[in-house]
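Colleague: Please put the model on screen. I have some questions about its folds and contacts.

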Amino acid sequence: MKNIGEQQIIIECPNTIFHLYIDSEDELSKVKVFMNNMKNVDSISLHDIYNWCNRQHVQYTTTFNYDSKMTLTEMIKSYIFYFRQKLRYVNNSDRMIET
């Protein structure tokens with residue numbers, strides 16, 4: 001497995017941004033396969049991305065994706081959903097980097 005230096009790949013979802021940290025060609029090829037597979041499905045959920053990162057042992061962080069078009073109420077609901085997902089998966093992952 002060749003070390004390629006740390007690279008960051010960003011996956012943007014409606015309310016979550018995933019930052020994947022790749023440091024080997026093996027991990028990069030896993031991400032490429034995953035991204036190609038994402039193109040062939042109708043929809044993919046946050047659960048799918050979290051689970052994939054954890055199963056493939058890819059280090060990642062998440063950030064809230066602010067959308068200026070949302071009302072304050074929508075933004076609060078969206079943030080609560082994001083925060084609950086983050087709590088759920090950070091407690092079940094040894095690969096998530098806490099921010």
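The questions and answers below go through this structure.

Modeller: This is a predicted model, where local features need pLDDT of at least 70, side-chain atom pairs count only at pLDDT 80 or more, and totals for chains, interfaces and linings use all residues. Residues are numbered from 1 along each chain as its sequence is written, and side-chain values use heavy atoms, with hydrogens and water left out.

Colleague: What pattern does the protein follow along the sequence?

Modeller: Helices (H or I, at least four residues) and strands (E, at least two) are DSSP runs, numbered from the N terminus. The protein has three helices and three strands. Read along the sequence, the pattern is β-β-α-α-β-α.

Colleague: What share of the 99 residues is buried?

Modeller: Buried means under 20% relative accessible area, exposed over 50%, and partly exposed in between (1.4 Å probe, protein chains only). Strand β2 (residues 16-24) is mostly covered, with eight of its nine residues buried. For the protein, the buried share is 37%.

Colleague: Which residue in β3 stands opposite phenylalanine 18?

Modeller: Two strands pair if DSSP finds at least two bridges between them. β2 and β3 run antiparallel and are joined by six bridges. Opposite phenylalanine 18 stands threonine 62.

Colleague: How do the rings of tyrosine 50 and tyrosine 60 pair: stacked, tilted or edge-to-face?

Modeller: Rings of Phe, Tyr and Trp (its six-membered ring) pair if their centres lie within 6.5 Å; planes under 30 degrees apart are stacked, over 60 edge-to-face, the rest tilted. The whole structure holds eight aromatic pairs. In this one the centres are 6.1 Å apart and the planes at 65 degrees, so the pair of tyrosine 50 and tyrosine 60 is edge-to-face.

Colleague: Which parts does that pair tie together?

Modeller: Both tyrosine 50 and tyrosine 60 are buried. The two parts are ten residues apart in sequence. Tyrosine 50 lies in one and tyrosine 60 in the other, so the pair ties together helix α2 (residues 46-56) and strand β3 (residues 59-64).

Colleague: Which residue is the salt-bridge partner of aspartate 26?

Modeller: A salt bridge is a side-chain nitrogen of Lys or Arg within 4 Å of a carboxyl oxygen of Asp or Glu. The count by this rule is one. With the closest N and O atoms 4.0 Å apart, the partner is lysine 30.

Colleague: Is asparagine 40 buried or exposed?

Modeller: Asparagine 40 is found in the loop between α1 (25-39) and α2. A polar atom of its side chain lies 3.3 Å from the backbone oxygen of asparagine 36. Its relative accessibility is 65%, so asparagine 40 counts as exposed.

Colleague: Which residues form the nonpolar patch on the surface?

Modeller: Patches are made of residues with over 30% relative accessible area and no salt bridge; like charges are joined within 9 Å, nonpolar side chains (Val, Leu, Ile, Met, Phe, Trp, Tyr) within 5 Å. Areas come from the Shrake-Rupley method with a 1.4 Å probe, and for residues only the protein chains shown count as cover. Isoleucine 80, in helix α3 (residues 72-90), is partly exposed at 38% relative accessible area. With about 300 Å² of accessible area together, the patch is formed by Leu72, Ile76 and Ile80.

Definitions and conventions:
Polar contact = N/O pair within 3.5 Å; in protein donor to acceptor, adjacent residues only side chain to side chain.
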